[in-house]
Amino acid sequence: YKHATQNISIITKEDIEAKGITEFTEILDFLPSVDIIEFGSSGSTRSVHTRGVSSRQVITLIDGRIVNTPRDGETDFNQVPLSNIERVEVLRGPASNMYGAGAVGGVINIITKTGSKNAGTQILNKFGSFNTKLSSLSHGDKVKDFDYFVSYDYLASHGHRDNADHLSNNINTKFGYELDKDNRINLSSGYYNSEVGTPGKVTNIDLDDRQEAFKQYIDLTYNGKMLEGQNMVFKLFHNSDRLEFIESYIPLDKDTHHTKVYGMDAQFSQELYGVFRPSIGLSYQEHRLNSSASSKHEYDLKGINFESEIKVFDSGSLKFGARWDDYSNFGDKISPSASFNYWLSDGVKLHALAAKAFRAPTFNDLYWPREDWGAFGGVEGNQNLSPEKAVSFESGISGYFMGSIKTDLTFFRTRFRDLIEWSVDNALWWRPGNVSLAVIEGAELEAEVVLKDHLKAEFNYTYLKAKNRTLGKWLIYRPRHMYKLRLVYSPVPKYELGLSSIFKTKRFANESNTSILEHYAILNSNFTYKINDSTQVLLEVKNLFDRQYEEEKDYPVPGRAFYTGVRLKF
């Protein structure tokens, strides 16, 4: 926090256990400027908007391995197992200078658990509305210099609509070996499969469409140093993602989309004289798509990044750097960045940033095959798309006040050229296009206040002005105002009661701004009680007042839902 020049939120495993959540996106739901767009019940697609930019413009990493699929640029957050998370770091704002062309809006970095002498075994069983069942088993240990952690997660739900059921299995392993106290090797691997019903819009329900996903990964990482103040990371990884969409069984009508990513990353940094830390990184990725609907496509990506951090006495720090990305299908681009923070006093900090970034179209953006749905419109890709380019600025002030208030106020602005937006026209056709000029600007305010002993309030507010300047229209699914409030009462360490509320103003659902999603407010609650060191009882209530609302046009969100369970530790 002292030397951070951008807004970073950190959620620990203890935070996750205390909230008793069921799905990964609940971790992000109450962060400032984060907007979760849901398509329905457990296991359905969830898109994460950060400061008005979509999931395609936010990079998601698991232990430094990128997991956004090149098929659509999105992250399937259902594949992230809650039982395996050590902590989550969410950086809001541009970070392309370090993480690549996709990080226009930020980075979600998930750090998984590592085996230790105290890791032991953990079992979670949770049940709830819509016949939902969540079970997980994890175990870890350390023997001399060798450690391991394995986990299995199972999630099943009938869903709140016909043909909205979900069933998934998730297995993850992590083996580590300490060469010495400063150098370590990790080998991680995992397998995820899911089968879900896809009922579509309530205006055009389809009761026999199904979707199956099969994901695998392997990740070999070395992390260490040879000299004091040094850090080296070398990573080799492979992601495999096969998606099967079944239109009907008799006769069988199935499309298969299989993407593969082979990657290499190397990062090196060295602190000099206690005040200067230069770092340099190299990366290479091969992206492959084999689709029964849109044929075979591929591209390679090479990247080089450099960053320097200079500490200015004890009063602040300055960072500047740049990244060069070279796409085999779209050419190269440089993404520079400069940021700083400065402590006016022991409790008040100023921070600011300026950066440029770009993002290339995904396989789906370019090659999605034409589907004509007759009176219900259709969908198709656009091979004439150009990469989107962005220039971002932000500034803010943060700190501690009166001993009990932690707060931050940040203003941000991103100007896009050729922003890639999927939108629906008046004939109900979905197509991606380049918005000649779009500007997303606004402010985020967050505050954490200790109201009295054992009672804490967390509040954040986001103002967002996201417009297509070429057409003079609002960008779709961006609320103008968003309020979030969470109250946490914990008189003793054994239990915690939480109440949280989200309010969003109206959003437009089409490019011409003639279709509107109305404002809504929901209230959620959670209660956890620790019977002893090995047993914890969980209770969660979502949408307490059973509000009817939509995050995506014609995809209703579930009503009131109850979940309860038990966590055991050995």
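Here is a short chat about the fold of this predicted model, from the whole chain down to single residues.

Me: Before we start, what are the ground rules for numbering and confidence?
Reply: Residues are numbered from 1 along each chain as its sequence is written, and side-chain values use heavy atoms, with hydrogens and water left out. As the model is predicted, side-chain atom pairs count only at pLDDT 80 or more, totals for chains, interfaces and linings use all residues, and local features need pLDDT of at least 70.

Me: How many helices and strands does the chain have?
Reply: Both are DSSP runs numbered from the N terminus: helices are H or I with at least four residues, strands are E with at least two. On that count, the chain has four helices and 36 strands.

Me: What share of the residues is buried?
Reply: Buried means under 20% relative accessible area, with exposed over 50% and partly exposed in between, using a 1.4 Å probe and protein chains only. Of the 570 residues, the buried share is 53%.

Me: In the open sheet of five strands, which strands stand at the edges?
Reply: The sheet has mixed pairing and the order 1-6-7-4-5. Two of its strands have a single partner strand each, so one side of each is left without a neighbour in the sheet: strand 1 (7–12) and strand 5.

Me: Where does V80 lie, and which residues does it touch?
Reply: V80 is in the loop between strand 5 (65–66) and strand 6 (85–92), and counts as buried because its relative accessibility is 7%. Contact means heavy atoms within 4.5 Å. Leaving out residues up to four places away in sequence, V80 touches F24, I62, I85, I110 and N170.

Me: How far is the C-alpha of V80 from that of N170?
Reply: Along the chain, V80 and N170 are 90 residues apart. Their C-alpha atoms, though, are separated by 8.4 Å.

Me: Why is strand 3 largely enclosed, and which of its residues lie on the side with H49?
Reply: Five of the five residues of strand 3 are buried, so the rest of the structure largely encloses this strand. R46, V48 and T50 cover one side.

Me: In the hairpin of strand 13 and strand 14, which residue takes a positive phi?
Reply: Strand 13 and strand 14 (residues 230–248) run antiparallel with 15 bridges. The hairpin has five residues between the strands, and the one with a positive phi near 80° is G229.

Key
Pairing = 2+ DSSP bridges.
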